[in-house]
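Please examine the structure shown below before reading the briefing that follows.

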Amino acid sequence: MFKDLNPILHSQLRLAVMSLLISVKEAEFTFIKEKTNATAGNLSVQIQKLKEAGYIEVVKQFRDNYPQTLCHITPAGIAAFEEYVASLQGYLGGRNE
Amino acid sequence: MKEAEKPMTEQESLALITAMINKAKETRHDTGLAAIMWGTVIAVCSLVRLSELQFNYRLPFDIYYLTFLAVVPQVYFSVKEGKERKVKTYGEDFFDYLWIGFGICIFLMIFITSTMFSDLNPAAAAYRESSGNSFAFRLNEYVSALFLLLYGLPTFVSGISMKFKPMLWGGIFCWVACLVTLYTPGKIDLLLVAVSAIFAWLIPGLIMEKDYRKAKKEIARQHV
């Protein structure tokens with residue numbers, strides 16, 4: 001039996017955000033928007049969901065009088081992402097057998 | 001990415017993860033300006049000193065003071081790049097600390113060699129006076145080797161870590177030149193330092209700058 005894929009991560013935009021954040025130390029909201037080609041509204045909603053799940057931390061601050069939103073992945077987020085990838089590999093491995 | 005949540009297959013998920021990780025990897029685009037500036041400054045200093053020796057003249061100031069002046073634009077470039085940076089990768093901290101450490105080593109080496117000169121010169125003068133012979137040991141024949149040894153380290157490490165061959169070969173060039181200067185006269189040493197600075201920093205810096213402009217144009221094109 002395969003484990004169900006984590007529904008928080010098994011979503012196109014949330015998975016894209018997590019894949020970006022796992023590769024970097026921290027990223028600005030504008031960087032994530034640029035790389036995912038998402039709209040600001042949709043991205044905000046999905047980032048909020050990831051934040052509520054405890055997978056990412058969001059820091060809002062001001063830099064040179066402009067608001068800046070910084071995101072970084074948490075240890076819980078790393079563990080969930082690794083588990084998700086392992087489950088995916090399990091599914092794909094099972095199919096290939 | 002579409003607003004609606006569309007179901008993904010496992011293959012699509014893996015493909016998305018791979019694509020995003022690759023996009024994040026492509027992020028580091030050094031402007032190359034600092035490398036261009038340092039490559040130029042070190043090459044100019046060495047060539048001017050060489051011309052002073054070759055044509056028997058002396059500038060009213062030590063040309064190597066240019067290296068102290070170059071710290072000002074370096075700080076400006078670092079602050080500017082830091083402000084423009086929208087993402088911080090794990091590797092960037094490493095490179096920043098590596099080059100800061102290198103800068104500290106260079107200024108310590110300048111201090112060490114000038115202390116050695118000031119200690120050795122009176123001893124050489126005393127030897128000449130007492131023996132009537134010239135003092136055979138010339139410290140300045142070895143100074144270039146010490147600096148080239150240092151130049152090679154961060155250049156090689158940066159080149160190999162970033163998989164950026166021009167810098168990797170530039171670092172190796174510095175170390176080869178370091179060995180060669182042990183057996184060549186002072187004027188050739190200065191020429192080798194200039195050529196090393198060109199290979200290690202100026203040329204890689206120009207390539208980085210070209211890549212940076214290309215990447216910036218590409219991003220602008222995608223957002224039209």
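**How the two chains meet**

Strand β1(A) is joined by 2 bridges to strand β1 of chain B (residues 87-88), and the two run antiparallel. Strands pair if DSSP finds at least two bridges between them. This is a predicted model, in which local features need pLDDT of at least 70 and side-chain atom pairs count only at pLDDT 80 or more, while totals for chains, interfaces and linings use all residues. Residues are numbered from 1 along each chain as its sequence is written, and chains are lettered from A and ligands numbered from 1 in the order in which they are written.

**The interface**

- In β1(B), B:Val87 is the bridge partner of A:Ala27.
- In total, 26 residues of chain A are in contact with 20 residues of chain B (C-beta atoms, placed from the backbone, within 7 Å).
- On the side of chain A that touches chain B, at least two residues each come from α1 (12-23), β1 (26-28), α2 (29-36) and α4 (75-96).
- The largest share of that side, 7 residues, is supplied by α1(A).

**Chain B**

- Chain B has 8 helices and 1 strand (DSSP runs, numbered from the N terminus: helices are H or I of at least four residues, strands E of at least two).
- Along the sequence, the pattern of chain B is α-α-α-α-β-α-α-α-α.
- Chain B has a radius of gyration of 23 Å, well over the 17 Å that the globule rule gives for 224 residues, so it is more spread out than a compact globule (the radius is taken over C-alpha atoms; the rule is 2.2 Å times the number of residues to the power 0.38).
- The C-alpha trace of chain B spans about 90 × 30 × 25 Å along its principal axes.

Key. Two residues are in contact if their C-beta atoms, placed from the backbone, lie within 7 Å.
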